[in-house]
Amino acid sequence: MPVINSIEDLRALARRRVPRALFDYVDRGAYDEQTLRRNRQDLDALQFRQRIMVDLSTLSLESTLLGAQVAMPLAIAPIGLGGFVHGDGEIHGARAAAAFGVPFCLSTLSVCSIEDVHAAVPQPFWFQVYLMRDRGFNQELISRARAAQCSVLVLTVDLPIQGLRRRDAKNGLTVPPRLTARNALEIALRPGWALGVLLGKRRTFGNLASRLGDTGGLSTLAQWIGTQFDRSVNWKEIDWIRQQWPGRLVVKGILDAEDALAACAAGVDGIIVSNHGGRQLDGAPSSIAVLPEVAAAVAGRCEVLFDGGIRSGQDILKALALGARGCLIGKAYMYALGAQGERGVTRALSILRDELMVSLALTGRTHVAAVDHSILRAPQSSANAASCMNPPSAAR
Ligand SMILES: Cc1cc2nc3c(=O)[nH]c(=O)nc-3n(C[C@H](O)[C@H](O)[C@H](O)COP(=O)(O)O)c2cc1C
C-alpha cells in the first residue's frame with residue numbers, strides 16, 4: 001500500500017477502484033469546464049504571508065458552524081449518488097464525519113435514505129433539499145428530516161435547470177448502475193466496488209424510492225431531474241420552507257453579492273458560496289473569486305460558508321482568510337470514499353486537519369477564529385488573485 005498523504009493520493013486510488021463512468025461523474029464539470037478549472041486555479045494563485053517568532057504553543061482549529069461545536073471549520077457537502085462510489089457510501093461518510101466532529105450533509109439524491117443514515121449514525125446531520133414540482137414531496141422530505149433530527153436544512157438553489165456534463169452523457173451513466181456489455185470489463189476489473197454496490201441492497205435514490213417507481217422507464221439522472229426540478233423557484237419560497245422547517249436554514253449556491261443580500265433579507269441563517277463544484281454555469285467565476293465581495297455584502301448578518309475546489313488544509317485557510325466561517329468538501333470527500341470507504345473519509349479529514357493546523361501556525365496564528373485577510377499576501381500580478389483580494393470582511 002503506497003503512502004497516502006494528500007487528497008490527490010486518494011483521488012488516484014479512487015480512480016483505480018471506481019468504474020470510469022462513476023469516477024468521471026464525480027470528477028468532471030459542466031461544458032468546457034472553465035469554472036471547474038477556475039475553482040482550483042484561483043485558490044492556487046493566492047499566497048500566504050509566512051510569519052515567524054510567534055508563540056505557537058497552543059493551536060486550535062475548534063469553531064462553531066450554525067450553532068454546533070466543530071473540531072475544525074469544515075463540513076461534508078451534499079453529494080447526489082455518493083453511495084455509488086462505495087457501497088452504503090453515505091453511511092460511511094456520515095460515520096467518519098461524526099467520529100471526527102464535523103457536520104455531514106446528506107443530499108436528497110443520496111443512495112442511502114434519511115432513515116438509513118439516522119439509524120446508522122446517532123449524531124445529527126444536515127439535510128439538503130431541492131424544491132421540486134411536487135411540493136407535497138418536499139413537505140414529506142422535510143418532515144422526514146425533522147423526524148430524523150437533522151440539525152440544518154440546506155436548500156440548494158443553483159439547479160433550477162441542469163448544466164450538461166458532457167462526459168456523463170458519453171459514458172451513459174444510469175441509475176441504478178447496470179451491468180451492460182459496454183461496462184462489463186470496467187466492472188470485472190473492480191470486484192471490490194461491484195461487491196459493495198452492484199450486489200448491495202441500496203442501489204437507487206434512497207429518499208425517492210416511493211416516487212421513482214412511477215418514472216415510466218426513465219433511467220438517467222439527467223432525465224429524472226428534467227422532469228422533477230421546479231424552474232419557477234424564487235425567493236418567495238423561503239417563507240413556505242420556513243413554515244415546514246423551524247430550524248436552521250441555509251441557502252446553497254450563492255455566487256453574487258446581490259443574491260447574498262436577498263438571502264439575508266429572506267432571513268436565512270447561512271449561505272454557501274458555491275458554483276456547485278463547476279457543475280452548473282460554465283463561465284461563472286470561481287467561488288473563491290466572489291467570496292470576499294459576498295462576505296462584505298453579508299457583513300455578519302448570517303454565516304458565510306464556502307465550497308468549490310477545496311483539496312487541502314491550505315485551501316481551507318485561504319477561504320477563511322477571505323471571509324468564510326467554514327468550508328465544505330465535495331470531490332475531496334468522494335475521492336476518499338471511493339478510495340477506502342469510511343477509512344478513506346477519516347483519512348481525508350485527518351489530512352485536511354493536519355494541513356490546516358500547520359499552515360495556520362506558519363502564518364503566525366494560533367486559532368482559526370483569528371484568521372483574516374492579513375494572512376494573505378497582496379496580489380502581485382495575477383488578475384484572478386487580484387479579484388480575490390477585494391475588500392476583506394470581518395463577517396464570517
Ligand atoms: C458528484 C457530485 C454530486 C453532487 N450532488 C449534489 C447534490 O445532490 N446537492 C447539492 O446541493 N450539491 C451537490 N454537489 C455539489 C457539492 O455539494 C459541492 O457544492 C461541490 O462539490 C463543491 O466543490 P468541490 O467538489 O470542488 O469540493 C455535487 C457535487 C459532486 C461532485
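Helix 2, residues 20-27, packs with helix 16 at an angle of about 155°, and the two axes are 9 Å apart. Bear in mind that this is a predicted model. Angles over 145 degrees count as roughly antiparallel, and helix 2 and helix 16 are therefore roughly antiparallel to each other. On the helix 2 side, the contact is made by Phe 23, Val 26 and Asp 27. On the helix 16 side, the residues are Lys 331, Met 334 and Tyr 335. By class, that contact has four nonpolar residues, two charged and no polar.

Helix 16 covers residues 331-362, and helix 4, residues 89-100, also packs with it. Their axes come within 10 Å and cross at roughly 15°. That angle makes helix 4 roughly parallel to helix 16. The crossing of helix 4 with helix 16 is right-handed.

Which residues meet there? From helix 4 we have Gly 89, Glu 90, His 92, Gly 93, Arg 95, Ala 96, Ala 97 and Phe 100. From helix 16 we have Tyr 333, Leu 337, Gly 341, Glu 342, Val 345, Thr 346, Leu 349, Ser 350 and Arg 353. Sorted by class, the contact of helix 4 with helix 16 holds seven nonpolar, six polar and four charged residues.

Next, another helix pair. Helix 13, residues 257-265, packs with helix 14, residues 287-298, at about 35°, with 8 Å between the axes. Helix 13 passes helix 14 in a right-handed crossing. Ala 257, Ala 260, Leu 261 and Cys 264 of helix 13 meet Glu 293, Val 294, Ala 297 and Val 298 of helix 14. Seven residues of this contact are nonpolar, one is charged and none is polar.

Now the ligand. How many residues surround it? There are 22, and the closest are Pro 78, Ser 107, Thr 156, Asp 307 and Gly 309.

In one, a nitrogen atom of the ligand lies 2.9 Å from an N or O atom in the side chain of Lys 252. In another, a polar backbone atom of Gly 309 is 2.8 Å from an oxygen atom of the ligand. Gly 330 also takes part through its backbone, with a polar atom 2.9 Å from a ligand oxygen.

That is what I have; I will take questions now.

Technical notes:
Residues are numbered from 1 along each chain as its sequence is written. This is a predicted model: local features need pLDDT of at least 70, side-chain atom pairs count only at pLDDT 80 or more; totals for chains, interfaces and linings use all residues. Side-chain values use heavy atoms; hydrogens and water are left out. Axes are lines fitted to C-alpha atoms, for helices over the stretch in contact, and angles run from 0 to 180 degrees between N-to-C directions. Helices (H or I, at least four residues) and strands (E, at least two) are DSSP runs, numbered from the N terminus. Angles under 35 degrees count as roughly parallel, over 145 as roughly antiparallel, 65 to 115 as roughly perpendicular and the rest as oblique. A crossing is left-handed if the near helix is turned anticlockwise from the far one by less than a right angle, and right-handed if clockwise. Contact means heavy atoms within 4.5 Å. Ala, Val, Leu, Ile, Met, Phe, Trp, Tyr, Cys and Pro count as nonpolar, Asp, Glu, Lys and Arg as charged, and the others, Gly among them, as polar. A residue is near a molecule or strand if one of its heavy atoms lies within 4 Å of it. A polar contact is a pair of N or O atoms within 3.5 Å; within protein, one must be able to donate a hydrogen and the other to accept it, and residues adjacent in sequence count only if both atoms are side-chain atoms.
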